[in-house]
Amino acid sequence: MSLSRKPNWLKTRPPSGREFAGIRRTLREHDLHTVCEEANCPNLGECWSGGASGDGGTATFMLMGDRCSRGCNFCDVETGGMEPLDEDEPANVASAIAEIGLDYVVLTSVDRDDLPDQGAGHFAETIREIKARHPGILVEVLIPDFQGEPELVRKIVDAEPDVIAHNIETVERLQFPVRDRRAGYERSLSVLEQVSAESGIHTKTSLMLGVGEHGHEIYQTLSDLREAAVDVVTLGQYLQPSRSHLDVERYVHPHEFETWRRVAEEELGFLYSASGPMVRSSYKAGELFVEAVLR
Ligand code: SF4
Ligand code: SF4
């Protein structure tokens, strides 16, 4: 089944303005890619222009290429044909971030199951380069599961980012067909649990709604995440990137998203939750983190 018409609450305006154009120019000069642009993210205008403070905003950089060793059924990234790592990328990303003047940066990557350390060392080096060149910046990383290997997760912890995110994506019953078969509910929980147990770094995860999950399963997932001491959860609407991807089962009403935000924050005790149709894992990440944690 495919839902043909999107409800009004999913319609957005394209980003514009001087700030947007300036950031885009700097990214081109450094030959860098953001998820914001590649995924045509509807929140781009809001995220790049920053918060009410008017400070620099949030952007999500994609590391280690644009091809993934996995193939999740909701994701538009190409599978296979992996390229060697660009050894200059950590320094290059750090220079661009310093030039743009972002306060908060999100780093994510494709999965690199093809590499001996699955890219954990490259990820850690990028965090260190950014922190060294731009003291005071807050760095959030959205990491793969590293096949559940604790020593690879520890490489990220040791680089001391401010937030470590890993997405569980959906409820336990739907892990497959939604995610690649190498991913899994217990594995994702264990990555998040390890970070919480071994460091004071804030942990974060994200769920897509609209892929066939039931209310009691969402509640169970949120409870399991709190049990694993996850601090922050985001919930957003799944949108089908193309007809060959997983179907959208339903469009979740904004009122339901608000209910889940309240459940997460008021009943289950998450530090904060961003929940809404257009929310993505890194949605206004800097603004929300500063409001909830640093003020
Ligand atoms: Fe996309 Fe991540 Fe799945 Fe790779 S592992 S296909 S980048 S969601
Ligand atoms: Fe970029 Fe994430 Fe914001 Fe989308 S939600 S514009 S990917 S920072």
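**Close-up views of the predicted model**

**View 1. Lysine 284, with a relative accessible area of 18%, is a buried residue.** Although lysine 284 is not a glycine, its phi is positive, at about 45 degrees. Most residues other than glycine have a negative phi.

**View 2. Glutamine 118 is a further non-glycine residue with a positive phi, here of about 55 degrees.** The loop that holds glutamine 118 lies between β4 and α5 (120-133). Glutamine 118 counts as buried, its relative accessibility being 6%.

**View 3. Tyrosine 104 and phenylalanine 289 form a tilted pair of rings.** The ring centres are 5.8 Å apart and the planes meet at 55 degrees, so the pair is classed as tilted, given that the edge-to-face class requires an angle over 60 degrees. The count of aromatic pairs under this rule is 1. Tyrosine 104 is part of strand β4 (residues 104-109) and phenylalanine 289 is part of helix α11 (residues 285-294), so that the pair, with its members 185 residues apart, links distant parts of the chain. Tyrosine 104 is buried at a relative accessible area of 2%, and phenylalanine 289 likewise counts as buried, at 4% relative accessibility.

**View 4. Two arginines are placed over phenylalanine rings.** The charged end of arginine 181 sits over the ring of phenylalanine 176, at a distance of 3.7 Å from the ring centre. Arginine 226 lies over the face of phenylalanine 270, and here the distance to the ring centre is 5.5 Å.

**View 5. The shell around ligand 1 consists of Cys68, Arg70, Cys72, Phe74, Cys75 and Asp111.** By residue class, this shell around ligand 1 contains 4 nonpolar and 2 charged residues, with no polar residue.

View 6. Along the principal axes, the C-alpha atoms fill a box of roughly 45 × 45 × 40 Å. Of the 295 residues in the chain, 52% are buried. Among contacts with a separation of 6 or more, 74% join residues 24 or more positions apart.

Definitions and conventions: Residues numbered from 1 in each chain as written. Chains lettered and ligands numbered in written order. Predicted model: local features only at pLDDT ≥ 70, side-chain atom pairs only at ≥ 80, totals over all residues. Heavy atoms only, no water. Near = heavy atom within 4 Å. Nonpolar A, V, L, I, M, F, W, Y, C, P; charged D, E, K, R; others polar. Phe/Tyr/Trp six-rings, centres within 6.5 Å; stacked < 30°, edge-to-face > 60°. Helix = DSSP H or I, 4+ residues; strand = E, 2+ residues; numbered from the N terminus. Buried < 20%, exposed > 50% of the residue type's maximum accessible area, 1.4 Å probe, protein only. Lys NZ or Arg CZ within 6 Å of the ring centre and 35° of its normal. Contact = heavy atoms within 4.5 Å.
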